[in-house]
Amino acid sequence: MQLEYEIIYSNRQSLQISVERDKSVIVRAPKGTSLATIESALEKKKLWIYEKTKHPQKYKEGRKERAYISGTSILYLGKEYKLDFVNEDFEGVRFDGGFYLSKSHAQLAEHYLKEWFLEEAKRIIAPKAELNARTLGVSYNQILISNLKFRWGSCTPKNNLNYNWRLIKAPISVIDYVIVHELTHLLEPNHTKRFWAIISVQLPHYLKAKEWLKCNGSLLEVL
Ligand SMILES: [Zn+2]
């Protein structure tokens, strides 16, 4: 995915963003730089990155405000579900073969949906990471469910794993792939032959998931 970036931490003093020959985006950062700092630097250089990577979204400035109305399709675990506003008065989201929100809190639709997705991300991602860490024989510090705009997942030098809550929109096989990808970085920091060999043992069909992410990278910036 073109917007996805790789972080290389080192003893350098300042942050540098570059687009490599293969159009991958590399962020070189001083050790200890927070992901929030990195993302805001990327946000500032977004148009330049789109230009360099020939990203299809390059001419779309910023995120479009999304209107949540009855009938809107919402992606959850790789499937589209309809959103519907009902007359009943309740807070939050009710999920039952579709997303239901109360008409009386319609203005909070985006907030409630985001909250619901965050909870789902924690519920689904944490046990999967634990299980896969055990089969890979690695251990991590903690799992964070993040609100990053340009990444599905990342692994920090302190062995913390970050997963984007938007991952919950993807099919389960894709979620598994992103989880295994970040865990494998605990064994092999770079995308070497060895790295992909480890992944293919864990997930023989990982290429399909990789392809899905490539095609659906724009989902990262939605909601
Ligand atoms: Zn990676």
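**Close-up 1. Leu-203 is a buried residue, at 17% relative accessible area.** The model shown here and in the other views is predicted. Leu-203 sits in the loop between α5 and α6 (206–215). Its value falls under the 20% cut-off, so Leu-203 counts as buried although it lies in a loop. Ala-67 is 136 residues from Leu-203 in sequence. In space, 37 Å separates the C-alpha atoms of Leu-203 and Ala-67.

**Close-up 2. Three histidines hold the zinc ion.** His-181, His-185 and His-191 each coordinate the zinc ion through NE2. The distances run from 2.0 to 2.1 Å. Along the chain, the donor residues follow the spacing H-x3-H-x5-H. His-181 belongs to helix α4 (residues 172–184), while His-191 lies in the loop between α4 and α5 (193–202). Ten residues separate His-181 and His-191. His-181 is buried, with 8% relative accessible area. His-191 is partly exposed, at 36%.

**Close-up 3. Arg-194 and Glu-188 form a salt bridge.** The N to O distance is 3.0 Å. Arg-194 is partly exposed, with a relative accessible area of 44%. Glu-188 has a value of 12%, under the 20% cut-off, and therefore counts as buried. The structure holds eight salt bridges.

**Close-up 4. A salt bridge joins Arg-123 and Glu-120 within helix α3.** The closest N and O atoms are 2.9 Å apart. Helix α3 spans residues 109–136. Arg-123 and Glu-120 are three residues apart, about one turn of the helix. Glu-120 is buried, at 10% relative accessible area.

**Close-up 5. Arg-94 pairs with Glu-88 in a salt bridge.** Their closest N and O atoms lie 3.1 Å apart. Arg-94 is partly exposed, at 37% relative accessibility. Glu-88 is also partly exposed, with a relative accessible area of 46%.

**Close-up 6. Four lysines make a patch of positive charge on the surface.** The patch gathers Lys-23, Lys-45, Lys-52 and Lys-54. Lys-45 occupies the loop between α1 (35–44) and α2 (46–53). At 33% relative accessibility, Lys-45 counts as partly exposed.

**Close-up 7. Glu-6 lies in strand β1.** The strand covers residues 5–10. Glu-6 has a relative accessible area of 21% and is partly exposed. Trp-165 is 159 residues away from Glu-6 along the chain. The C-alpha atoms of Glu-6 and Trp-165 are 18 Å apart.

Methods
Residues are numbered from 1 along each chain as its sequence is written. This is a predicted model: local features need pLDDT of at least 70, side-chain atom pairs count only at pLDDT 80 or more; totals for chains, interfaces and linings use all residues. Side-chain values use heavy atoms; hydrogens and water are left out. Patches are made of residues with over 30% relative accessible area and no salt bridge: like charges are joined within 9 Å, nonpolar side chains (Val, Leu, Ile, Met, Phe, Trp, Tyr) within 5 Å. Accessible areas come from the Shrake-Rupley method with a 1.4 Å probe; for residues, only the protein chains shown count as cover. A salt bridge is a side-chain nitrogen of Lys or Arg within 4 Å of a carboxyl oxygen of Asp or Glu. Lys and Arg count as positive and Asp and Glu as negative; His and the chain ends are not counted. The place of a charge is taken as NZ of Lys, CZ of Arg, CG of Asp or CD of Glu. Helices (H or I, at least four residues) and strands (E, at least two) are DSSP runs, numbered from the N terminus. Buried means under 20% relative accessible area, exposed over 50%, partly exposed in between (1.4 Å probe, protein chains only). Donors are N, O and S atoms within 2.8 Å of the metal (3.2 Å for Na, K and Ca); water is not among the atoms, so sites may look incomplete.
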